[in-house]
Amino acid sequence: MPLPAAPTKRAALLPSDAYEAPARTSSKAARKPAAAGALEAPERPQAVVFDPRPGSGGGDAHAESLLEVEVDDEDIVVIDAPEPAPVETARRRPAAASEGRPRKPKAKATAAAKLFVLDTNVLMHDPMCLFRFEEHDIFLPMIVLEELDSHKKGTTEVARNARQASRSLDALAGSNGADIAAGIQLDATGHREAGGCLFFQTQALAITTPQNLPQGKADNQILGVVQALRDQHAPREVVLVSKDINMRVKARALGLATEDYRNDKTIDDLELLYSGALALPPDFWAKHGKTVESWQSGLHTFYRISGPIVPSLLINQFVYFEAPGEPSLYARVTEIRGRTAVLKTLKDYGHLKHAVWGVTTRNREQNFAMNLLMDPEIDFVTLTGTAGTGKTLMALASGLTQVLDERRYTEIIVTRATVSVGEDIGFLPGTEEEKMGPWMGALDDNLEVLAKTETSAGEWGRAATNELIRSRIKVKSMNFMRGRTFLNKYVIVDEAQNLTPKQMKTLITRAGPGTKIICMGNLAQIDTPYLTEGSSGLTFAVDKFKGWPHGGHITLARGERSRLADFASEAL
């Protein structure tokens with residue numbers, strides 16, 4: 001509301017004799033009927049606006065009301081407090097205004113809020129799972145806390161997760177105003193995305209499980225708790241969340257609602273994973289040819305396009321147009337602004353004059369990948385594809401060129417997840433690099449291929465080159481990456497599909513100024529237990545970095561190793 005206008009002259013002061021004037025009694029009769037009428041027909045209280053401007057009478061009325069004071073007890077009229085409706089309305093306004101925020105309104109959430117009973121393996125798989133159920137409530141049986149306590153010792157990932165989950169539970173239980181019996185607010189520790197409550201099993205429940213289930217087993221006790229909660233809180237939906245497939249099968253056999261913990265999965269279907277390339281429709285030039293702007297800058301041609309295809313594009317996404325009888329187009333999206341996008345043509349690394357350390361690309365996707373690997377503005381590259389698509393060879397060739405020829409980076413650091421395909425071979429002797437030697441067979445094989453590309457030098461020249469290459473390549477173990485910072489390094493993470501999202505985050509955050517990281521792997525060859533294509537760290541990185549101006553991804557489609565390897569990857 002607008003502010004009142006400033007007064008034009010100074011207000012008159014109340015005379016000193018007015019303070020000693022006796023209270024007026026003539027208004028008693030007039031005020032009592034008014035009060036009685038107010039009691040008979042209650043109305044919404046009206047606010048009295050005091051206007052200090054001269055001539056409005058507000059100042060005189062206020063002074064007169066100060067003098068009309070009742071001193072007799074029998075004449076005092078008690079006026080009830082205003083109805084709380086206006087106060088409630090005023091208090092609800094901020095809540096109504098905040099409905100556009102990411103957090104869901106409480107009134108809407110409580111109508112369909114479920115009660116999720118968590119299994120121990122969910123807490124040990126994701127210690128932050130307590131805050132990922134939005135407006136729903138969580139119930140923890142006492143046997144879950146017992147199992148957490150028994151798994152907290154050790155240095156494994158499971159033990160660390162168990163300790164972190166225990167610390168989260170302790171912080172919630174010790175938060176200000178926490179009441180375990182009535183439920184603890186999950187947002188009490190600052191996680192605003194969690195809108196439900198946490199309940200612990202504080203009393204014995206009437207558990208009635210079938211007699212053929214062993215009562216001493218922890219899984220069966222949790223199933224009994226779920227069944228008792230379903231009977232106690234009917235018709236509210238009670239759902240068991242577990243990563244144990246057999247436990248979910250038993251729960252369904254008993255008629256209990258159960259779900260897998262899906263929050264750790266980036267995608268449900270691998271076909272939905274971002275591929276990094278998009279084929280332009282056959283009528284692209286017919287629809288966009290009249291509005292396309294083009295210009296030349298150096299060796300590259302730029303196109304500015306607009307139309308319905310622009311919203312589906314991402315920064316550093318490759319687009320290509322191939323049609324019989326028409327010129328082909330291979331470009332990368334470099335800018336998106338509103339309804340327009342800028343495409344930049346690519347460098348053809350399939351030509352012999354553009355060979356990288358003697359290696360030329362053999363197909364379209366390999367050329368896309370080499371453009372990402374050789375671009376100094378791209379700091380993070382992810383490569384996925386089946387066996388034999390040339391991921392390691394291209395990454396190593398581009399790394400040697402940029403380290404030895406262009407002097408863009410100081411050295412190459414190669415690491416990988418030490419997850420064996422079969423049984424473990426035991427402890428390995430020697431230093432860190434010697435222990436990593438058996439895991440780096442792919443590196444040695446590709447270095448052997450790259451050494452054969454140098455045919456101009458003699459035997460002594462090739463030996464000197466190999467010695468120089470070996471001096472610029474360092475093999476490191478991922479177990480000792482915590483706390484390190486890589487400055488001007490070219491980092492290759494091989495077999496990245498075996499990394500968890502937490503391990504992937506640990507590796508990527510090691511990058512310092514001038515460092516480039518290449519993560520590559522085959523999502524069809526995951527050897528880490530309890531890791532799937534949807535929950536792999538490589539899938540996590542591809543999904544989170546898509547559209548970032550300094551990151552790129554490409555899925556290599558065609559194998560180039562040999563006809564035997566290509567047929568085996570398809571048939572077996």
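This is a tutorial dialogue on reading one predicted model, feature by feature.

User: What should I know before I start?

Analyst: Residues are numbered from 1 along each chain as its sequence is written. The model is predicted, so local features need pLDDT of at least 70, side-chain atom pairs count only at pLDDT 80 or more, totals for chains, interfaces and linings use all residues, and side-chain values use heavy atoms, with hydrogens and water left out.

User: What pLDDT does the protein chain average?

Analyst: pLDDT is the predictor's confidence in each residue, from 0 to 100. The protein chain averages 79, and 76% of the residues score at least 70. Over residues 25-110 the pLDDT stays under 50, and the model has 39 contacts beyond four places in sequence for them; a contact means heavy atoms within 4.5 Å. Where pLDDT is low, the predicted coordinates should not be read in detail.

User: How do I read a helix, such as α7?

Analyst: Helices (H or I, at least four residues) and strands (E, at least two) are DSSP runs, numbered from the N terminus. The expected span of a helix is 1.5 Å times one less than its number of residues. Helix α7 covers residues 157-173, and its 17 residues should span 24 Å; the end C-alpha atoms are 24 Å apart, which agrees.

User: Which residues of α7 are buried, and what do they pack against?

Analyst: Buried means under 20% relative accessible area, exposed over 50%, and partly exposed in between, with a 1.4 Å probe and protein chains only. An α-helix has 3.6 residues a turn, so residues three or four places apart point the same way. In α7 the buried residues are Ala159, Asn161, Ala162, Ala165, Ser168, Leu169 and Leu172. They pack against several elements, including α5 (120-125), β2 (137-140), α6 (142-150) and α16 (501-508).

User: Which residues touch the most other members of the largest nonpolar core?

Analyst: A nonpolar core is a set of buried Ala, Val, Leu, Ile, Met, Phe, Trp, Tyr and Cys residues joined through side-chain atoms within 4.5 Å. The largest one has 42 residues, and Leu118, Leu123, Leu130, Leu140 and Leu198 touch the most other members. Helix α8 supplies the largest share of this core, seven residues. A second, separate core has 40 residues, among them Leu396, Leu400, Tyr409 and Ile412. Leu130 touches residues that include Leu118, Leu123, Ser168, Leu169 and Leu172, leaving aside those up to four places away in sequence.

User: Is a loop residue such as Leu205 buried or exposed?

Analyst: Leu205 lies in the loop between β4 and α8 (218-232). Leu205 counts as buried because its relative accessibility is 18%. Beyond four places in sequence, its contacts are Val225, Ala228, Leu229 and Gln232. Val225 is 20 residues from Leu205 along the chain, yet their C-alpha atoms are separated by 6.9 Å.

User: In what order do the six strands of the open sheet come?

Analyst: Two strands pair if DSSP finds at least two bridges between them. Six strands form an open sheet in the order β3-β4-β2-β1-β5-β6, with mixed pairing. Its edge strands, β3 and β6 (257-259), each pair on one side only. Strand β5 (residues 238-241) runs parallel to β6, joined by three bridges, and Leu240 has Thr258 in β6 as its bridge partner.

User: Which strands does β10 pair with?

Analyst: β10 pairs with β7 (residues 277-279) in the parallel sense over three bridges and with β11 in the antiparallel sense over four. Val319 in β10 stands opposite Leu278, while Phe318 stands opposite Arg332 in β11. Both faces of β10 (residues 318-321) are covered: Phe318 and Tyr320 on one side and Val319 and Phe321 on the other are all buried.

User: How many disulfides are there?

Analyst: A disulfide is a pair of cysteine sulfur atoms within 2.5 Å. The count comes to zero. Cys129 is buried, with a relative accessible area of 0%, and Cys519 counts as buried at 1%.

User: Which backbone angles deserve a look?

Analyst: The peptide bond from Ala234 to Pro235 is cis, with omega near 5°, and Pro235 sits in the loop between α8 and β5. Glu134 is not a glycine but has a positive phi of about 55°; Glu134 is in the loop between α5 and β2 and is partly exposed at 42% relative accessible area. Arg407, also not a glycine, has a positive phi of about 55° and counts as exposed at 60% relative accessibility.
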